[in-house]
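Please examine the structure shown below, with attention to the place where its chains meet. The explanation begins with one pair of residues and then widens its view.

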There are 2 protein chains.
Amino acid sequence: MAGENEEAVRDKQVILRDYVSGFPKDTNMELRESTMKLRLLEGSNGLLVKNLYLSCDPYMKFRMTKPDVPDYVQAFRPGSLITGYGVARVLESGHPDFKKGDLLWGLTGWEEYTLITAPETCFKIEHTNVPLSYYTGLLGKTGMTAYAGFFEVCSPKKGETVFISAASGAVGQLVGQFAKLFGCYVVGSAGSKEKSYCSLPNFIVLKVAFAAIFAKKVDLLKNKFGFDDAFNCKEELDLDAALKRCFPEGIDIYFENVGGKMLDAVLLSMKLHGRIAICGMISQYNLEQPEGIHNLTNFILKRIRMEGFVVSDYYHLYPKFLETVLPQIKEGKIVYVEDTTEGLENAPTALIGLFSGRNVGKQVVVVSHE
Amino acid sequence: MAGENEEAVRDKQVILRDYVSGFPKDTNMELRESTMKLRLLEGSNGLLVKNLYLSCDPYMKFRMTKPDVPDYVQAFRPGSLITGYGVARVLESGHPDFKKGDLLWGLTGWEEYTLITAPETCFKIEHTNVPLSYYTGLLGKTGMTAYAGFFEVCSPKKGETVFISAASGAVGQLVGQFAKLFGCYVVGSAGSKEKSYCSLPNFIVLKVAFAAIFAKKVDLLKNKFGFDDAFNCKEELDLDAALKRCFPEGIDIYFENVGGKMLDAVLLSMKLHGRIAICGMISQYNLEQPEGIHNLTNFILKRIRMEGFVVSDYYHLYPKFLETVLPQIKEGKIVYVEDTTEGLENAPTALIGLFSGRNVGKQVVVVSHE
């Protein structure tokens, strides 16, 4: 058999060494060299792929943390491979939807070569006249999250007012741009009261650094991403007053990324028949008990609709999404910034950088230029 | 002119004497005798009606309270007439939709005769082969609230699990019956932690009385209204455990009448893609600061949709509602209990009785048998 003559190749891998407590550190991960035979087992319907780009996402922290409560992302185990979204080239296919040479994006391993056992969760890349790395974010899960959350969950109408918290985040900055292109009035906040930062070492030094980062983010929202207005939560003593200032007539749509005090303040400013899409509640995840939300009677007074969503429920809209967004990218209507790190061996540092806000734009790791 | 020969008739009225603080008392209202000429002014498009039945509703308490925050019901003023939903006979009509002799239901005065200045908010009664008093509740605002909240806001599917808080209330008992007739599994709670009762005088004595009332209500839910199960919140130390016991597989639909701790517990038991319709939050209205809700991250984990609603947004569905409910009433499929008080002079006592749970079923005041 041909397979018996094939050489096993080196497969560098990033492994979780220990569960993360607080924020991920370099020492929570390690590089391991493994070997892999580049062929599929007889009868497999999997895919053997070569990884090209990997996505660094904040949610990965939760998968690296010892699970205690049910979570919507499965936890990694110490000693096992980190996985995440990436772009890869198919080397061998046992699945009818993919053939050798195809490009795809989807869940893959933080390693050089991966055996994908659930090819039905991957998307074939058909449009290659954009940077391939975009499929780790703008044209992948991040972009679809912003698109589905805004257009499907928020049911926007032209001319409506839109507020986005954590608006400088990967999803938030796209929601803002989609909303502007659609014809809405858009305001974003950055530097929301993520208490989690307090658990970082050298908190006081970092606090000063964060102040500068958040000021920069507010500037980016207004001057780079084209938001109508933006504010820095760290500088606002009274979130309710900040929202009233930005939205004297109230908020039609709130795209929720942070939860806690921000949600409570937003409820006071929502307009009649306002809609809230809950994408995340980043300010709450590190708290022993989440903060209480007190202003819920506004749901009745203002007939508010609020809905939590997960992007995987909306992947059937992916072709429609591409139809909308690809032309906007080609016409330069969407601003998308990537921060690229070369080499799998630098992936842990790139991931950790997310939590100190070191990256500018979407953090991508280049595993191979082929 | 004919009008000059008309005698002015006596018009007994119920007046708000003082703003209510805590719960309404007899002394907050008084009876006044006025006179009224039974004719419309030339060119008026109003209706002159004779009131037959008046509805006593818990929400009226809020209209009797001095307003401090914006509210969704307009406050009465001391010295002025109490108004509410009722059934009346048209004596004179200046509006093309109504003629002399018609029956209607809608907002009217707590008096013998009323000049209705906004006839467009009233509904002509076309079906009189049911008790006319039903149009103060089951076939009026209460029924429409239950119908719109359940069928429009909750988007139910046959076989789904439905939980209703304050289920023995006027709306709750109808939601439960609509849900059962539709093919759902229905559980209700009674005696929810309405802290408001604590502000009543003689609290300890009342506590004992309430225990009996709530036990009775749970019994009614199961044995009279056909709920699959019911529990008494006052007897449950752990609401989460009670819900887990009643819904081992979780809750698809929550019809929210109470808010606070109950909502927080329900969020833990909601199923994937669960829906919550917020009709009221009775446990929160008398608190200085509403209780905090902590379990909102479940909105993301379970893709929950929650929506506040007000019945007036759904009145266009009234004909469809009658089409559904009238046959069910005639076939005896809906249990509806009324507690009737004779005479306008007894209306204040009937209204006050609501807040000590004295009434059994919908509290109606008969102003006139014609």
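Arg305(A) has Glu307(B), a residue of strand E13(B), as its bridge partner. In total, three bridges join E13(A) to strand E13 of chain B (residues 305–308), and the two strands run antiparallel. Strands are DSSP runs of at least two residues (E) and helices of at least four (H or I), both numbered from the N terminus; two strands pair if DSSP finds at least two bridges between them.

This is a predicted model, in which local features need pLDDT of at least 70 and side-chain atom pairs count only at pLDDT 80 or more, while totals for chains, interfaces and linings use all residues. Residues are numbered from 1 along each chain as its sequence is written, chains are lettered from A and ligands numbered from 1 in the order in which they are written, and side-chain values use heavy atoms, with hydrogens and water left out.

Where chain A meets chain B, 31 residues of chain A are in contact (heavy atoms within 4.5 Å) with 31 residues of chain B. The area buried between them is about 2,600 Å², and carbon and sulfur atoms give 66% of this area. Buried area is the accessible area (1.4 Å probe) that two parts lose on being put together, summed over both. Of the area that chain A buries against chain B, 25% is supplied by His294(A), Ile300(A) and Arg303(A), more than by any other three residues.

Arg303(A) also forms a salt bridge with Asp313(B), with the closest N and O atoms 2.9 Å apart. A salt bridge is a side-chain nitrogen of Lys or Arg within 4 Å of a carboxyl oxygen of Asp or Glu. Between chain A and chain B, the count is two salt bridges.
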